[in-house]
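Subject: Structure handover and notes

Hello,

My notes on it follow below the model.

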Amino acid sequence: MADQNVPPRRPRDDRGWDGRQHPTSDSYGDPTASASYGYDSPHPYQGGYPVQGDPREQYGDGYAHAGQPAPAPRGPQWVGPEGLGRPAPARPAGAGLPTLDDDDEPGRKVGRRKAMVALGGTAAVVAGGAALAMTPQFRSLFGDEAAASDATGNTVTDGTAARPSGQQPSTVRTYTEQNESYMGSRAGEALKKNAPAGGRTFSGPAAAAAETKVTVKTVLAKDPILHLARRATFGATPAVVADIKNQGIDAWIRGQLDPDKIEPSKAELKLAELPTQTLSVEQLRTQRDKLNEQGAQPEREVVDATLARQIWSKRQLFEVMVDFWNDFLHVAADFDGGEVYRTSFDKDVVRKHALGSYPEMLVAANKHPALLIYLNQKDSRKDAINENLARENLELYSVGVDGGYKEGDVRQAAMLQTGRGVDDKGQYVLRVNQHYMGKVKILGFTHANTFGIKDVNNPTAKEIAAVDAAIDKYITYIALHPSTAKYVAQSLATRFVSDTPPKSLVDRLAKTYSSNNGMIKPVLMTLFSSSEFWAAVGQKVRRPMEYLVATYRTLGVSPEASAKNDNGDNKRTPFARGLRQIHDKLRELGQYPMGQPTPDGYPDVYVAWTSAGTMVNGWNEAGEIVAGYRTVFTYTAPEKLVAKPPATAGAYVDALSMRLVNQKLSTREKNLILGVAGVPATAKVDATFNGAITAVARAILASPQHHLR
């Protein structure tokens, strides 16, 4: 029987993650606090998955953890202008911005701490007043006074305790299950009540935008241009809004779906300053000693480069989709082999196919050394089968946990995929003599899997190609499976529309996916032409990475070094150092590109990210950016964000809000911000807001209008 080749299950092993700290050589942080890998160091994924057995049987939470790094901490710790663990430079007395934890000043009508919390506490007002961030821990920031009831407690909301919504997020296994589990809270139920229930597809995005009425409760302006700019980019900027207005919604979307015709930004041209990003796998292997001496870290530079593109690229929809696939078809940057292979996976798999064919992406991924090493497929052979990649191909990368497969399907798939590995030169190889021969049946896919090979130790090129084609045929089959169509559709709708996307939209997206053989552009056009997309204003909250990237974008930070920059590092340019500082901050906040250590990717619903420490840390970082303390980039001085500042405080807040969040704030929010500055609306102010401009700008960036997208 075929199943005889599958090793028996191993007993539970309660080992935890074996995290470690990684010294840097580029002066970004304390060697005991920074996280990056050197070539000669052991990596956290080495031996992470056992060669035998089902990893879920090992630990009970979905993944084998031995040798894997712990997730980045989500509690606050200080990252100064020079990077993780480095102190901030001394500032003149009276200058700068008090941290959120500073004591309220005597005599101030509205304390800064309470005002900021009151603003940020409504950041998740997606459900018309359900302050999702107002956990007990959050309320403790300002004593016993509670600004809102706790909306985040766990409770089963679908009546079925066995479903993920009735489970703790740590006990579920997949990307979509994480989302469903988090949405099983009271906060999730509040979101569901406010989400659009259904809709229809129009002739195009502009027609859908014009014909759709926004009925959900939201604090965001119900402007379709702003809505598109928030969802299809990493943050609306004056340039993006102007482009959409000038080109029209349809033309702008068409242009974004053809990114090769969009000129690179200055920052993208500066990516040449990240030396490892232009090197091939072979060059990274042969030059590892030299790169070690230089302190270059390819698996970190690919993250740095991704952040640069998110902030400054004009190909914004493409970058949003790259981020989507980095969660959906997830391969962590920090794994044993990431320093050599993750840059190539980014270029040759994710970016090559991000707006193309998902079946082609999945086939390419299954032949790429990064995935083969990450999930131990390189160790799988006919006499010692490893199930990791076969399982994740079904559970995470195609049909999903509810896609209809059974354990027998996983085992049959694992047998079919044996023999795929990585050769001594770091290239993909299929070793026919290690490939299991014999009939397989997986989710309705059948193959004789016998090729009449006379000598498996010396197969011809044609024979190798025949075996390879059989595996590719299976990968393509599951990528086009109806369950995969639904899984991709659900995930895209969750990313672009709402944490609780309407079934009507998911069904239409799945139909488009299937009828177009897994091509992604038609699916996106269906999404943007659907009333559900345009009706969902304010239904998504920015995750930590999205919040910080959007802050850089709205403040108009330039990738060029400021005149005040003191390099202090003859190995790296100011641009490269600045990107690493952002990278370090995001590690601290708990989300950065390719950062999830396990293969399920980051959860995509806001309830998963309601951390008081993360939110406060993000606000303080926004203050650092507003003040321009990181001289590796060029910043617009806060007093120059508004070209002609009004002379009264209330009017100035209105003008600054229009500049930073593209709309005026509510009267309540405006009064809270005036309280931060300690002045009434009628007070006369100068361009510096009488010295409080940084505090005022940061408060606006803590408002729900900046947290929502």
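At what angle do helix H26 (residues 574-589) and helix H27 (residues 612-627) pack, and how far apart are their axes? The angle is about 160°, and the axes are 10 Å apart. An angle over 145 degrees counts as roughly antiparallel, and H26 and H27 are therefore roughly antiparallel to each other. From H26, Lys585, Glu588 and Leu589 take part, meeting Thr614, Asn617, Gly618 and Glu621 of H27.

Please keep in mind that this is a predicted model.

Overall make-up

The chain has 709 residues, of which 61% count as buried. It contains 31 helices and 6 strands. Among contacts with a separation of 6 or more, 75% are between residues 24 or more positions apart.

The largest nonpolar core holds 170 residues. Within this core, Leu228, Trp325, Tyr358, Phe496, Phe528, Phe633 and Phe689 have the most contacts. Helix H14 (residues 316-328) gives the most to the core, namely 8 residues. As for Phe633, its contacts beyond four places in sequence include Trp312, Tyr552, Phe575 and Ile582.

H16 and H20

Helix H16 (residues 358-365) and helix H20 (residues 461-479) have axes that come within 9 Å and cross at roughly 140°. That makes H16 oblique to H20. The crossing is right-handed. On the H16 side the residues are Tyr358, Pro359, Leu362 and Val363, and they meet Asp472, Ile475, Thr476, Ile478 and Ala479 in H20. Tyr358 was also listed above for its contacts inside the core.

Arg420

Asp472 turns up again here, as one of the residues that Arg420 touches. Arg420 lies in strand E3 (residues 420-422). Is Arg420 buried or exposed? It is buried, because its relative accessible area is 1%, and buried means under 20%. Two polar partners of its side chain can be given. The side chain of Tyr428 makes a polar contact with that of Arg420 at 2.9 Å. The backbone oxygen of Asn366 lies 3.5 Å from a polar atom of the Arg420 side chain. Leaving out residues up to four places away in sequence, Arg420 also touches Lys367, Leu372, Gln377, Lys378, Val429, Leu430, Asp468 and Ile471.

The loop between H17 and H18

Two residues stand out for comment in the loop between helix H17 (369-374) and helix H18 (388-395): Ser380 and Asn376. Ser380 is buried, with a relative accessible area of 3%. A polar atom of its side chain lies 3.0 Å from the backbone nitrogen of Asn386. Beyond four places in sequence, Ser380 is in contact with Ile385, Asn386, Ala414, Thr418 and Gly419. Asn376 is buried as well, with a relative accessible area of 8%. Its phi is near 65°, a positive value in a residue other than glycine. Most residues other than glycine have a negative phi.

The axes of H28 and helix H30 (residues 693-701) come within 10 Å and cross at roughly 55°. That makes H28 oblique to H30. H28 contributes Tyr652, Val653, Leu656, Ser657, Leu660 and Val661 to the contact, and H30 contributes Ile693, Val696, Ala697, Ile700 and Leu701. H28 passes H30 in a right-handed crossing.

Leu641 is in the loop between H27 and helix H28 (649-661). Leu641 is buried, at 8% relative accessible area. Which residues does Leu641 touch, not counting those up to four places away in sequence? They are Leu555, Thr636, Leu656, Arg659 and Leu660. Of these, Leu656 and Leu660 also belong to the H28 side of the contact with H30.

Asn662 is placed in the loop between H28 and helix H29 (667-677). Asn662 has a positive phi, near 65°, and is a residue other than glycine.

Regards

Terms used: Residues numbered from 1 in each chain as written. Predicted model: local features only at pLDDT ≥ 70, side-chain atom pairs only at ≥ 80, totals over all residues. Heavy atoms only, no water. Core = buried A, V, L, I, M, F, W, Y, C linked by side-chain atoms within 4.5 Å. Buried < 20%, exposed > 50% of the residue type's maximum accessible area, 1.4 Å probe, protein only. Helix = DSSP H or I, 4+ residues; strand = E, 2+ residues; numbered from the N terminus. Contact = heavy atoms within 4.5 Å. Polar contact = N/O pair within 3.5 Å; in protein donor to acceptor, adjacent residues only side chain to side chain. Axes fitted to C-alpha atoms, helices over the stretch in contact; angles between N-to-C directions. Parallel < 35°, antiparallel > 145°, perpendicular 65-115°, else oblique. Left-handed = near helix turned anticlockwise from the far one by under 90°.
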